[in-house]
Amino acid sequence: MQRSPILIVHGGAWAMPDDMTEANEQGVFDALQAGWALLEKGATAIEAVEAAVTQLENDATFDAGYGSFLTRDGRVQMDALLMDGATLRAGGVACVERLRNPIRAARLVLDESPHVYFVGEGAEAFAASHGMPLIANEELIVDRERRRLEEAHERERAGLPDITFSGDDKSPETAVKPEPGFGGLGGPSSGPVDSHDTVGAVALDVDGNIAAATSTGGTLSKAPGRVGDSSLIGCGCYADNQSAAVSLTGWGEPIMKLVLGKWATDRVQMGRPPEQVAQEAISYLYQRLGGHGGMILLDAQGRWGIAHNTPRMAWGVHTADGPRVGVKV
Ligand code: ASP
C-alpha cells in the first residue's frame with residue numbers, strides 16, 4: 001500500500017537564546033527541503049534522513065559536523081547512526097575527526113559492511129576506502145566554539161557550576177532539575193539545559209518504510225573518546241517498521257542508561273500512540289534520572305510525536321500538506 005510520506009527533523013533541545021531562533025528555524029527548514037525533495041520523488045526513508053542530516057551537519061548552527069562543540073582539548077569529535085526500519089540494518093561511527101559528514105560514513109557502514117559500528121581511525125579508514133575524503137579537523141571548527149570552550153574552562157577555573165555535561169550525571173536524588181527560563185551560555189542563570197544541539201531525522205516513505213538518523217559533535221568540553229547516546233542503537237536512534245523510528249537529543253548519559261529510544265519504540269509497538277509515548281519518554285527521563293532533552297518519534301502508519309523538557313527544541317515536520325517548523329512544541 002502506498003503511504004503519504006512524512007519527514008521530521010530536529011536540531012537539538014536546549015535553552016536556545018532568542019537571537020538564535022531564526023537560524024535554528026531556517027536550519028531545520030533547509031533540512032526538511034533537502035529530505036523532502038527526495039521523499040516526494042519516491043526515494044527511501046533512509047535516503048531522506050541521510051539527506052536531511054547531511055544538510056544539518058553542513059550548517060554551522062548545529063552541534064554536528066561543521067560547527068560542532070569542541071572536546072576538552074579543542075578538537076571536533078563526532079558520532080552518527082543511521083537505521084533502516086525495513087531491514088533493521090544499521091550503520092554507526094563514533095569519535096571520527098576527519099570526516100565532513102559522519103552520517104555519510106554511517107550510511108556506508110550500513111550499505112557496504114557486514115558490521116554495524118566503527119570507531120575512530122578505523123571508521124575514518126573505512127570511510128576513506130569507500131571514497132570519502134579525509135579532511136583536517138580544523139576545517140570543522142568555528143570561532144564560536146573556540147570561544148565557548150574557553151568560556152567553559154574559565155567557569156571551571158572560577159569554580160562556577162558546570163554547564164557542559166561533559167562529566168557524569170547526577171543521582172535521581174541530587175540531579176539538577178531543569179527549570180524554565182535558563183539564560184544563555186555563561187550568563188548568570190546558566191543551567192543544565194544550556195546546550196544540546198545534536199541533529200536528527202525520522203522519515204516514512206511511500207512504500208511504508210521508516211528510518212532514523214542522528215548525528216552529533218557530543219557535549220561541550222567532553223573528554224576525548226567519550227561517546228554519548230546519539231550514535232548508539234536504541235539510545236539516541238532506532239528504527240523498526242514494526243514499532244517506530246526515533247531520534248533523540250539531550251544529555252547523553254541518562255538517555256543511554258535508560259536506552260530511551262528503544263524504550264519509546266517498544267511502547268509504540270505495544271499499541272500506544274507516538275504522540276503520547278514521546279511525552280512519556282521525556283517525563284521518564286526526567287523522573288528517573290533528572291535528565292533532559294527532546295525526541296522525535298514516527299511510526300509506519302504515519303503517526304508521530306515530538307516532545308522536550310528543555311525551554312526550546314528546533315523541530316520541523318514535512319507532510320503532503322507542506323513544511324512546519326518551530327523552536328517550541
Ligand atoms: N546527546 C548528545 C550527547 O550526549 C548531545 C546533544 O544532544 O546535543 O552526545
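The following legends describe close-up views of a predicted model.

**Figure 1. Overall composition of the predicted protein model.** The protein contains 8 helices and 12 strands. Of its 329 residues, 60% are buried. Among contacts with a separation of 6 or more, 70% join residues 24 or more positions apart. The accessible surface of the protein amounts to about 12,300 Å², and carbon and sulfur atoms contribute 50% of this area.

Figure 2. Thr198 counts as buried because its relative accessibility is 5%, and the limit for buried residues is under 20%. Leaving out residues up to four places away in sequence, Thr198 touches His10, Gly11, Gly12, Asp63, Thr214, Ser215, Thr216, Ser230, Leu248 and Thr249.

**Figure 3. The largest nonpolar core of the protein.** This core comprises 52 residues, and Leu7, Val9 and Leu82 have the most contacts inside it. Helix H2 (residues 45-58) supplies the largest share of the core, with 7 residues. A second, separate core holds 39 residues, including Ala90, Leu260, Ile296 and Leu297. In soluble globular proteins, nonpolar side chains tend to be buried together.

**Figure 4. The contacts of Leu82.** When neighbours within four places in sequence are set aside, Leu82 is in contact with Ile46, Val49, Glu50, Arg89, Ala90, Gly91, Ile103, Ala106, Arg107, Leu110, Ala212 and Ala213.

Figure 5. H2 consists of 14 residues and spans 20 Å from its first C-alpha to its last, close to the expected 20 Å. The helix is mostly covered, with 11 of its 14 residues buried.

**Figure 6. The buried cysteines Cys235 and Cys237.** Cys235 has a relative accessible area of 7% and is therefore buried. Cys237 is likewise buried, with a relative accessible area of 0%. The count of disulfides in the model is 0.

Conventions:
Residues numbered from 1 in each chain as written. Predicted model: local features only at pLDDT ≥ 70, side-chain atom pairs only at ≥ 80, totals over all residues. Heavy atoms only, no water. Disulfide = S-S within 2.5 Å. Buried < 20%, exposed > 50% of the residue type's maximum accessible area, 1.4 Å probe, protein only. Contact = heavy atoms within 4.5 Å. Helix = DSSP H or I, 4+ residues; strand = E, 2+ residues; numbered from the N terminus. Areas by Shrake-Rupley, 256 points an atom, 1.4 Å probe, with all protein chains shown as cover. Core = buried A, V, L, I, M, F, W, Y, C linked by side-chain atoms within 4.5 Å. Expected span 1.5 Å × (residues − 1).
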